[in-house]
Amino acid sequence: MTNTVAIGIQWGDEGKGKIVDLLAPNMDVVARFQGGPNAGHTLVIGDQKTVLNHIPSGILHENILSLIGNGTVVDPFRLVEELDMLLAADIPVNDRLRISDRCQLILPYHRALDAAREAAKGKGKIGTTGRGIGPCYEDKTARRGIRLVDLTADDLDARIDENLRYVNFMLVEFLHAEAVLKSDVTEALDLARERLLPLAADVPLILHENIQAGKNILYEGAQGSMLDVDHGTYPFVTSSNTVAGAALAGLGVGPKEVDEVLGICKAYTTRVGAGPFPTELYNADGMCDAKNAGKHMAEKGQEFGATTGRPRRTGWFDAVVVQHAVRINGVTGLAITKLDVLDGLEEVKLCVAYERNGQRLQSIPASAKVLEECTPIYETLAGWSDNTFGLTDVENLPDAAKALLKRIEDVCKCPISMLSTGPDRGHICHL
Ligand code: GDP
Ligand code: IMO
Ligand code: MG
């Protein structure tokens, strides 16, 4: 029995969807434990591409139960769109998916607040996905959130009125934005009642029964460790804990139920939205390195957000980030993705430490401002001109690629257990 937590350990978009879809056939249950429609997980099978926001990435497989845990935030409009997209592709999603009745609902006023706050921040904005994630998690901890189970509560209407009084005051008086109409909220609640409530379940109980029966569970993270609200580049983070430990609280399972923690990371680094990124080489605002390596990564890696379509910032592999992630998550193995994107570069670099004010730093500073002032200390390795795209046997890799992977293992003090060489389910080497 192997119960595995699979998480992103950079700034998101590491290829979690691809890896989870690939591992799913060895599993009985795949469960999401945090985040919401800010996530965009891409699955590629032949010429068929599927992007999932809420739904676990095992959904395309038969005989696998998909669970959405209490730690997630669910937008009824978007989740229903996702259900319909899968139903149109003949995936019996209503049979395969269950949603925790403790899930928080993202309502139209959360999206309005997200947009108005970002607009008010101007240049200092976080660059959120605009999906209402932050305001929804705020309501959860403020104990005024609306959960799936509340859709049938007698006092729901009164609670919505109370929330709207507060939110509309904030929107109009403080943020100078438009008020949200109650009819828009009611529409979301009605849709959730019609389409999501029939899928509601006691997720911790289902998981417990599966664990008792010796079934294999895959816990699928969203975002990445550097976007974790505690351990990431605060305040340029998302509003949930994205680390492996969050799988437990976000689904209702105990720590003894996890055997492996798979840390998924690209062979380079990307980030969407604002915030420090020490190894950044290239972005849409005009930053570009002399050798065009960052542009090469952005173009060859097709680095555009799966959720928002925004161009991603790109840069070299940052081993300080990955070491931090290995520690805070207890990573037992790395899954390195997008190695093929580095094909054709004359040299490749690995950031092994930072420098600030003449001092060498070996770990991530807590302050985003301090991190912003750090410059990377690089090791430079030879690149390779051969094609690694689609390779399935590490023995066939060019020597220079093997040397890079060996160096990543040594510097990050963690073995590589999987290597992805293309977007398709079949483009994988097991180590
Ligand atoms: P996630 O959010 O972590 O699931 O990652 P995204 O789906 O947002 O972004 C990863 C992108 O890289 C997607 O377009 C994937 O299809 C693609 N991808 C994943 N693994 C590989 C790989 O090894 N090589 C290449 N070239 N593309 C990959
Ligand atoms: P997946 O699961 C990459 C980023 C946003 C922004 C910050 C806060 O596909 O890896 P939010 O909307 O969560 O309040 O935005 O977090 N962000 C992601 N970046 N991949 C994601 O998800 C992300 N989810 C949020 O760009 O910088
Ligand atoms: Mg993504």
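Predicted model: local features only at pLDDT ≥ 70, side-chain atom pairs only at ≥ 80, totals over all residues.

Student: Into which domains is the chain divided?
Tutor: Start with the domain assignment. Domain 1 is written as two stretches, 3–99 and 201–262. Domain 2 covers 104–196. The remaining entry is domain 3, at 264–430.

Student: How far apart do the centres of domain 1 and domain 3 lie?
Tutor: Look at the contacts as well. Here 41 residues of domain 1 touch 42 residues of domain 3. Now take the C-alpha centres of domain 1 and domain 3: their separation is 23 Å.

Student: Which residues come nearest to ligand 2?
Tutor: Begin with the shell. Around ligand 2 there are 21 residues. The shell holds 8 nonpolar, 10 polar and 3 charged residues. Those that come nearest are Asp13, Lys16, His41, Thr129 and Thr238.

Student: Which residue has a side-chain N or O atom 2.6 Å from an oxygen atom of ligand 2?
Tutor: Go through the contacts one by one. The side-chain contact at 2.6 Å belongs to Thr238.

Student: Which residues are closest to ligand 1?
Tutor: Turn to the other ligand. Ligand 1 sits in the second largest pocket. It is surrounded by 20 residues. The closest are Lys16, Gly40, Thr42, Asp340 and Ser420.

Student: Which residue has a side-chain N or O atom 3.1 Å from an oxygen atom of ligand 1?
Tutor: Gly40 places a backbone N or O atom 2.8 Å from an oxygen of ligand 1. Gly422 has a backbone N or O atom 3.1 Å from a ligand 1 oxygen. The side-chain contact at 3.1 Å comes from Arg312.

Student: How much of ligand 1 does the protein bury?
Tutor: Keep the contacts in mind. Among them is Gly422, with a backbone N or O atom 3.1 Å from an oxygen of ligand 1. Alone, ligand 1 exposes 580 Å². Of that area, the protein buries 92%.

Note on methods: Residues numbered from 1 in each chain as written. Chains lettered and ligands numbered in written order. Heavy atoms only, no water. Near = heavy atom within 4 Å. Polar contact = N/O pair within 3.5 Å; in protein donor to acceptor, adjacent residues only side chain to side chain. Nonpolar A, V, L, I, M, F, W, Y, C, P; charged D, E, K, R; others polar. Domains from an automatic or database assignment. Contact = heavy atoms within 4.5 Å. Areas by Shrake-Rupley, 256 points an atom, 1.4 Å probe, with all protein chains shown as cover. 1 Å grid on protein atoms, 1.4 Å probe; cavity = no way out; pocket = protein on both sides within 12 Å on 5 of 7 lines; lining within 4 Å. Sits in = over half its atoms within 2 Å of the grid points.
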